[in-house]
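Visitor: I am new here. Please walk me through this structure and tell me what backs each term.

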Amino acid sequence: MMTRGDWPYWLREHRGTLLALAAFLLMFAIYASNHPAGLNANVANTAANKGVLLAIVAMAQTLVVLTSGIDLSVGMVLVLANCLASTIVVGSPLQVALGVVGVLATGALCGAINAVIVIYGRLQPIVTTIATGAVYYGVALALRPVPGGDIDGTLGDALTGKVFGWLPAALVLLLGLVLLIWLPFRRSETGRAVYAIGSAEVAAYMSGVPIRRAKFVAYTLSGLLASVAGLFITCITSSGEASAANGNTYTLYSIAAVVLGGVSLFGGSGSAVGAIFGALMFRTIGDLLFVFDLEPLWQPLFQGVVLTAAVSLGALRLLRVRNRLDLYG
Amino acid sequence: MSLSEVAGRAPGRSQAGPHPLGGSPDVPVGRGAPIFVMQGISKRYGGVRALQGADLTIEGGRIHAVLGENGAGKSTLIKIIAGVVAPDEGRMLLDGRPVSFASPAAANAAGIVCIFQELSLIPDLSVADNIAISNPPRRFGLIDRRAQRRMAEEALARAGAHDIHPLALVKDLPLSRRQMVEIAKALARRPRILILDEATSALTAADVTKIYAVLKRLRAEGLALIYISHRMHEIAELADECTVFCNGRSVASYAAGTKTDQEVVELMIGREYSQAFPPRSNTARPTAAVPRLELRELSWGDRLDRISLQLHAGEVIGLGGLDGQGQRELLLALFGVLSGTTGELLIDGRPVRIDGPSDAKRASLGMALIPEDRKTEGLMLPMSVGENLSFAALSRLSRWGVVDRAAEREAIERIMRLLAVRSDGTTPIAGSLSGGNQQKLVIGKWLMNEPRIILLNDPTRGIDVGTKQEIYQLLRRLAEQGAAILFYSTDYDELIGCCDRVLVMYDGAVKRELVGAEITEHALISSALNITTAEAPQRHAQR
């Protein structure tokens, strides 16, 4: 459908995503060429598992950020899904299948609860999701007071192993999520509405855009994706752990990935695909420290600096504001 | 009993039988079946009556202009038609059947599309996305981007905006292009009734010509168009019918061209003077004195156009004109809120550069701005009356950064007495006061700073008559004590009653200066509309 003369507009629209892709490729090239063992299939698979895990959480975060909200409960939904999966995704193939459905349904429910509070309670997303995140963590702790449990081995190996002996299955999972969830969402009327709300909610309302439905779908899909990540982390670790630190880390990293991926924290602009590259880039930054033999203790500091720099870039547009009242609007 | 009620009760008078035609008294019934009729529409906002028994009859294939000055009820009328607000009383008939719209979407579904003055576009989406926003073409449940693009191209072509690329992001387009997208978006919805509310205000001259052609073509296609504009030449060029609103009532409907500009202005006047204003100062001002504030050729983007003015101590200058002609921006620019202004600002004859409100209020400049929206820009509603009063003056009341509580209390009590705010200053929160008392607080808060230059942005909007009186007295007293006052008001009576001079703004520029007895409602309205009439009959301004 692209005709001549369209590509500048296409580039403009996808600028954030393309920049994230380019930055990721550059960093990954540096990482791969300096890796002591070289880039073999096992190195790639390990990197892919870690990267995809964060990428899925970043997709979840993107959906909410696009509405100009923020979801601080994604990490806790992940932890809850992890604890639940380590309990119910075991047994006969039918039990495993039902278990997976149960985990995903729980994630979607968590997202839907966030949505209902934000839409009908008219509370700020940041407050809502801090509170519900604490609840989800509490449920996870009740489910699994001490680390343990297991997940069906076949499922675990299938999702964390390799396809054709070289292609990380995690990447196939990620591609599947993009094709089955993100692209249809992006091209649906509801997805369009999510962008519209994040960009200019009043204008969206005046244009008759279904605001409540769009927010509900965004938060619910976000919860669903967070539970996919929870399922996936269970496959990697073969156990469940109600760890608040883990939850908070994934929430923070998901925001970092979203920003690095060119998604505007003001809402309305960006793409989950960009956030995926942002997540992969963020993971690669961490791994670069390992490759260059830096003290692992420096990693949180370094990642914090990267995040701060990325967020500051997003504020550059404020330099162009001509009516200072707009800064406080 | 209004005429529309008579028509409503006597359907036998109408030949259409099931289509009882109300219609306003001046429009002969039976020229063509009206598409849309409004009868006896009333709407109140709190204590303010925005519309009282307004009537409007819209026919297909015609352009119907709606005229009226600030607060005449035009925008409320449009919001009701477009389903944004619901009327308190009255009824609306679409093709003879009673209708009511719960939301803009419901009005859209009935074929009524409105192009609002404030743009309704989504900046982060592309032009095509925006044009198709309310009803995108779908295939297998998803948006069909190819069909959407065709739809957008067609709509842009219909609006005569071939130069706009459908994939461009709206936020990258200049204002005039966005306005064209807005028009294309409206056309893509295939409206039967299209409402244009000041839709040409941001357009370039070339676009205006194109839009005229588009509107005339739509008229030929049988659409009903409602056209709101303050530009009389546009109305002369386009309109078939006109309805004039005044004080929330539809005062006259007539065929375009049957009334002179002069007569139209007379129709738009018509409020009764119910307020008494304090006498103006009669002290002859030494013309040689250095003005307290002088502005030379102030411009800001395309919103303010080379404004020059001189404001002397003891003087009250009014800013007039229709709403949105740059009056607010002028006040904000003086207060240092806008960046990128050009021109020169002198205070007491010395050039100054003001960098924001905290700079403007310092003692050597002594400026105060009473903002437009007391709830968001004027007060911290959840805090106490006293805290609100001392906010802007805290640095005066502090020593080494610590607030001197005794001095603060004393200052608060002094201001409370001066303003006669009925509250003891500590316990009640500002939000619990009446609108009038809140407005007094906003003024009082700045008086704590003993300002030498007071800028007021429509300070009496939505407050009761008694408090208005007190504010007028206060302003005059402050002027007599040597303050220089620049006063924007959307209420012409206030400008007539309160101001020594009035600068009438139009399109970001000062078009006319009225002094003393020249300040009449007639002069204010005709210069607000930028009409140069022959000398107006002097209506006398009651004091």
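Visitor: How many residues of chain B are in contact with chain A, and what makes a contact?

Guide: This is a predicted model, where local features need pLDDT of at least 70, side-chain atom pairs count only at pLDDT 80 or more, and totals for chains, interfaces and linings use all residues. Residues are numbered from 1 along each chain as its sequence is written, while chains are lettered from A and ligands numbered from 1 in the order in which they are written. Two residues are in contact if their C-beta atoms, placed from the backbone, lie within 7 Å. By that test, 31 residues of chain B touch 27 residues of chain A.

Visitor: Which elements of chain B supply that side?

Guide: Helix H3 (104–109), strand S8 (142–143) and helix H5 (145–158) of chain B each supply at least two residues. H3(B) gives the most, with three. Helices (H or I, at least four residues) and strands (E, at least two) are DSSP runs, numbered from the N terminus.

Visitor: What makes S3 and S10 of chain B a pair?

Guide: Pairing takes at least two bridges found by DSSP. Strand S3 (62–67) and strand S10 (224–228) of chain B have five, in the parallel sense. For B:Arg62, the bridge partner in S10(B) is B:Ala224.

Visitor: Which sheet of chain B holds these strands?

Guide: An open sheet of six strands, in the order S6-S9-S10-S3-S11-S12 (chain B), with mixed pairing.

Visitor: Why are S6 and S12 of chain B called edge strands?

Guide: Strand S6 (112–115) and strand S12 (249–255) of chain B each pair on one side only.

Visitor: Which residues of H16(B) are buried, and what makes them so?

Guide: B:Ile471, B:Leu475 and B:Ala479 are buried. Buried means that 20 or more other C-beta atoms lie within 10 Å of a residue's own; exposed means 12 or fewer, and partly exposed is in between, with C-beta atoms placed from the backbone.
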